[in-house]
Amino acid sequence: MASLSSSKPRNFGAYSYSATPCTRTHQIGALFLVVSTFFVTRILDQYFSESNSVTPATNLHRTSSSGITMDNGIPQWPERGYGSHLSLKIYVYDENEIDGLKELMYGRDGIVKTAACLKGQWGSQVKIHKLLMESKFRTSKKEEADLFFVPAYVKCVRMLGGLNDKEINQTYVKVNHIVLSQMPYFRRSGGRDHIFVFPSGAGAHLFRSWSTFINRSIILTPEGDRTDKKDTTAFNTWKDIIIPGNVDDAMTKNGQPDVQPLPLSKRKYLANYLGRAQGKAGRLKLIDLSKQYPDKLECPDLKFRGTEKFGRTTYFEHLRNAKFCLAPRGESSWTLRFYESFFVECVPVLLSDHSELPFQNVIDYAQVSIKWPSYRIGPELLDYLASIPDRDIEGMIARGRKIRCLFVYGPDSAPCSAVKGILWELQRKARHFQQSTETFWLHNGSVVNRELVHFSSWRPPMPLP
């Protein structure tokens with residue numbers, strides 16, 4: 001066995017190495033190679049960084065002059081977080097399926113008619129239900145549903161005297177007790193896959209016990225900040241969805257709306273505010289401002305009822321007669337006037353600091369509207385609006401014309417509609433796996449309850465969470 005310390009040279013055959021003298025020419029060539037490699041690498045890094053990087057959403061949106069991500073005129077949701085296409089299945093509870101639902105839809109003894117509930121701000125509660133019933137994304141099989149829709153027209157029922165606040169809460173509690181105790185799917189997810197609509201400024205506060213029963217559920221509402229009369233808001237950015245207000249059908253129907261927009265040159269006022277004061281600071285400031293500048297700002301004394309109340313046509317004829325439509329906060333932060341402005345082609349000026357707007361992953365609202373600090377309502381606001389050239393106003397109006405389809409409650413079969421937008425947002429909320437404090441799972445993938453009873457064998461009544 002050869003010694004490890006042997007000094008005898010070993011022959012590695014073909015792999016033997018013989019040193020070559022290093023000349024000045026070799027040194028210059030090596031330096032040139034290092035420098036050229038450095039610059040080529042920098043150029044390639046920059047090229048691939050630009051071609052492969054994920055552009056921020058705001059930049060993607062601004063690639064479209066309309067303020068909306070479009071593809072052949074059809075609004076497109078970003079694939080990141082939403083998927084490339086809608087593939088959602090929603091189960092809609094039948095009004096006869098849950099005791100108490102009929103009262104929340106038609107009031108006591110069925111005194112409230114659905115046709116009456118289609119009007120006004122609460123109309124979205126009815127329209128979303130009806131459109132989901134007709135949707136190709138509706139399923140009649142609970143076991144294949146991604147989400148569950150619970151219908152109720154509670155805002156309308158309350159406004160038309162079908163139920164008072166106490167009765168609404170009692171009925172909702174009854175409904176949710178039954179949903180919880182008889183519907184295993186609510187219990188399986190803790191309500192995370194169940195959808196409720198609250199279409200007014202009160203939001204989910206219409207149901208006083210919402211925080212006990214549906215605090216994990218998905219709430220569809222136009223109101224993102226109900227704090228002026230409540231200690232906390234019922235809206236949660238991460239689970240709930242802002243929806244558009246319900247604009248009068250006569251202004252959103254296919255073809256010609258009842259009131260046509262006016263050319264800018266024909267509009268009498270720089271700006272207008274059409275609404276009641278309601279004792280709100282921002283609205284009172286606008287009314288006072290209109291008295292100082294009556295030739296620039298129209299703020300008629302609107303009446304809630306009586307012969308001096310504006311009819312629908314008169315209201316929209318006034319709304320279209322200004323370049324800018326001012327939308328201050330009222331009883332809550334959201335305002336229907338913001339959405340109505342798009343249909344008379346008047347640039348909306350949002351004067352509600354806490355307002356939340358729908359479909360922000362698609363619409364760049366800075367391209368189609370103005371948001372102004374509410375505490376700066378005064379002559380400065382009018383001076384700013386007057387300084388905007390007509391060509392810029394026309395541009396905002398043209399871009400608004402392209403996105404207003406997302407504020408129309410039409411079927412999801414349409415290329416662009418509010419319901420289609422809502423479905424995209426709901427798809428982002430759907431989960432492949434459901435859990436709650438009352439669900440458990442075993443090594444073989446089976447879901448069980450606390451008693452280790454398999455999900456398929458859960459039977460009512462079941463204890464409440």
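**Figure 1. Aromatic cluster and ring pairs in the predicted model.** Tyr91, Tyr93, Phe148, Tyr185, Phe455 and Trp458 are linked into a cluster by ring pairs. The coordinates shown here and in the following figures belong to a predicted model. Across the structure, 22 aromatic pairs are found. One of them joins Phe338 and Tyr365 in a tilted arrangement, with 6.1 Å from centre to centre and 50° between the planes. Phe338 belongs to helix α13 (residues 336-343), whereas Tyr365 sits in the loop between β11 (347-351) and β12 (370-371), so the pair ties together parts that are 27 residues apart in sequence. Both Phe338 and Tyr365 are buried.

**Figure 2. Helix α16 and its surroundings.** Helix α16 spans residues 418-429, twelve residues in total. From its first C-alpha to its last, α16 reaches 17 Å, close to the 16 Å expected at 1.5 Å a residue. Ten of its twelve residues are buried, and α16 is therefore largely enclosed by the rest of the structure. The buried residues of α16 are Ala418, Val419, Gly421, Ile422, Leu423, Trp424, Glu425, Leu426, Gln427 and Lys429. Their packing partners are the helix α5 (123-133) and the strands β3 (90-92), β4 (147-149), β5 (194-197), β6 (218-221) and β7 (241-242).

**Figure 3. The largest nonpolar core, viewed around Leu426.** This core has 55 residues, and those with the most contacts inside it are Ile128, Leu220, Phe407 and Leu426. Helix α16 gives the most to this core, contributing six residues. Apart from this core lies another, of 33 residues, which includes Leu101, Leu163, Tyr172 and Phe213. When residues up to four places away in sequence are not counted, Leu426 touches Leu88, Ile90, Leu147, Ile195, Ile218, Leu220 and Ile241.

Figure 4. Gln125 is located in helix α5 and counts as buried, at 1% relative accessibility. With neighbours within four places in sequence left aside, Gln125 is in contact with Ala152, Tyr153, Val154, Lys155, Cys156, Val197, Phe198 and Pro199. The C-alpha atoms of Gln125 and Val197 are 5.9 Å apart in space, although the two residues are 72 residues apart in sequence. At 3.1 Å, the side chain of Gln125 reaches the backbone nitrogen of Val154.

Figure 5. Asn246 occupies the loop that runs between β7 and α10 (249-252). With a relative accessible area of 5%, Asn246 is buried, the cut-off being under 20%. Leaving aside neighbours within four places in sequence, the contacts of Asn246 are Leu118, Lys119, Gly120, Gln121, Gly123, Ser124, Lys127, Leu336 and Tyr409. Its side chain forms a polar contact of 2.7 Å with the side chain of Lys127. A polar atom of the Asn246 side chain also lies 3.4 Å from the backbone oxygen of Leu118.

**Figure 6. The whole chain as context for the close-up views.** The chain contains 16 helices and 14 strands. Of its 465 residues, 48% are buried. Among contacts between residues at least 6 apart in sequence, 69% join residues at least 24 apart.

How values were computed: Residues numbered from 1 in each chain as written. Predicted model: local features only at pLDDT ≥ 70, side-chain atom pairs only at ≥ 80, totals over all residues. Heavy atoms only, no water. Helix = DSSP H or I, 4+ residues; strand = E, 2+ residues; numbered from the N terminus. Expected span 1.5 Å × (residues − 1). Buried < 20%, exposed > 50% of the residue type's maximum accessible area, 1.4 Å probe, protein only. Contact = heavy atoms within 4.5 Å. Polar contact = N/O pair within 3.5 Å; in protein donor to acceptor, adjacent residues only side chain to side chain. Core = buried A, V, L, I, M, F, W, Y, C linked by side-chain atoms within 4.5 Å. Phe/Tyr/Trp six-rings, centres within 6.5 Å; stacked < 30°, edge-to-face > 60°.
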